Each structure stands twice: as C-alpha cells, then as structure tokens.
Amino acid sequence: KYYARIATGTTVVNCLVHPDFQCVVVVKYSELQDTPAPFMNRFEKFHLSHDTFLSELKKDKNPLIALLLEAKEKVKCFIEEIPPPGIYGKQEHTLLSLVMTHIKMTTDAEGRTVVDNVLISPSGEP
C-alpha cells in the first residue's frame with residue numbers, strides 16, 4: 001500500500017493512494033515570490049505557458065498547427081489596428097487561448113501524442 005501525507009495548514013493526514021499516483025502543483029507566476037522556499041524545494045519546477053505548448057507542437061511540423069499559427073498572426077495584425085480601448089476583456093494570452101481551443105490532442109495505439117482537429121482533414125483539405 002502507498003500513502004501520501006496531505007497537509008492543509010496544521011492538519012496532516014496520511015491518505016491511501018494508487019501506486020502510480022503523481023502530484024502536480026500549479027502556482028501562478030504572480031504568486032511565485034510569495035510561495036515558501038521549503039515548499040517549492042520539494043518539487044521539480046517547470047515554467048509552462050501557451051508559448052511553451054505551441055513551440056512543442058511546432059516541432060512536429062503538423063500542417064494544422066502551421067495553419068492555426070498563420071491565422072493567429074493575421075488576427076493579431078487585425079486586433080492591433082483596432083484603436084483603444086480595443087477588444088473588451090482581451091488579455092495577453094487571449095489569442096493563443098483561442099487558437100489552442102481548436103487543437104485536439106490524442107494518443108495513438110503506440111502511445112504517441114497525435115495532434116488532430118475535426119475541422120480539417122489530415123490532408124489539409126476542409
């Protein structure tokens with residue numbers, strides 16, 4: 001049997017967990033400086049962003065990803081032409097989030113990650 005010590009404030013509980021249990025802790029970049037060093041030292045640290053995700057997808061040279069990134073750049077140019085206050089609610093990663101909503105990732109029979117989208121066939125034809 002495998003147990004994980006789960007602590008909330010001053011309460012610590014030993015919980016039975018699956019042998020393949022893994023824990024992911026997400027800390028916002030803006031809160032990183034306020035996070036206690038002893039807590040952070042217990043984990044491997046990775047900085048993830050929309051750009052990190054898309055840069056990994058670009059390596060596969062998937063035509064769908066290339067098409068989405070090209071569309072993103074065209075929309076970005078359009079948005080930059082809109083005078084202030086611009087688009088209500090637009091944040092730094094709004095456009096990348098929109099692009100990523102159209103990316104569907106699956107795993108094939110051999111365990112490899114496959115990027116697919118129901119809007120465009122693998123040949124690139126609509």
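User: In the hairpin of S1 and S2, which residue takes a positive phi?
Analyst: Gly9 does, with a phi near 65°. The hairpin has two residues between its strands. Strands here are DSSP runs of E, at least two residues long, and helices are runs of H or I, at least four long, numbered from the N terminus.

User: Is this an experimental or a predicted structure, and how are residues numbered?
Analyst: This is a predicted model, where local features need pLDDT of at least 70, side-chain atom pairs count only at pLDDT 80 or more, and totals for chains, interfaces and linings use all residues. Residues are numbered from 1 along each chain as its sequence is written, and side-chain values use heavy atoms, leaving out hydrogens and water.

User: Which residues in S2 are the bridge partners of Tyr2 and Ala4?
Analyst: Tyr2 has Val17. Ala4 has Cys15.

User: What's the whole chain's pattern?
Analyst: Along the sequence it goes β-β-α-α-α-α-β-β. That comes to four helices and four strands.

User: Which residues make up the largest nonpolar core?
Analyst: Five residues: Leu54, Leu57, Ile65, Leu69 and Leu96. A nonpolar core is a set of buried Ala, Val, Leu, Ile, Met, Phe, Trp, Tyr and Cys residues joined through side-chain atoms within 4.5 Å.

User: Take Leu54. Buried or exposed?
Analyst: Leu54 is buried, because its relative accessible area is 3%. Buried means under 20%, exposed means over 50%, and partly exposed is in between, using a 1.4 Å probe and protein chains only. Leu54 lies in helix H2.

User: What does Leu69 touch?
Analyst: Leu54 and Lys58, not counting residues up to four places away in sequence. A contact means heavy atoms within 4.5 Å.

User: Why might nonpolar residues group like that?
Analyst: In soluble globular proteins, nonpolar side chains tend to be buried together.

User: New topic. Where does Thr35 lie?
Analyst: In the loop between S2 and helix H1 (37–40). Thr35 counts as buried because its relative accessibility is 16%. Leaving out residues up to four places away in sequence, Thr35 touches Val27 and Met40.

User: How much of the chain is buried?
Analyst: Buried residues make up 15% of the 126 residues.

How values were computed
Two strands pair if DSSP finds at least two bridges between them.
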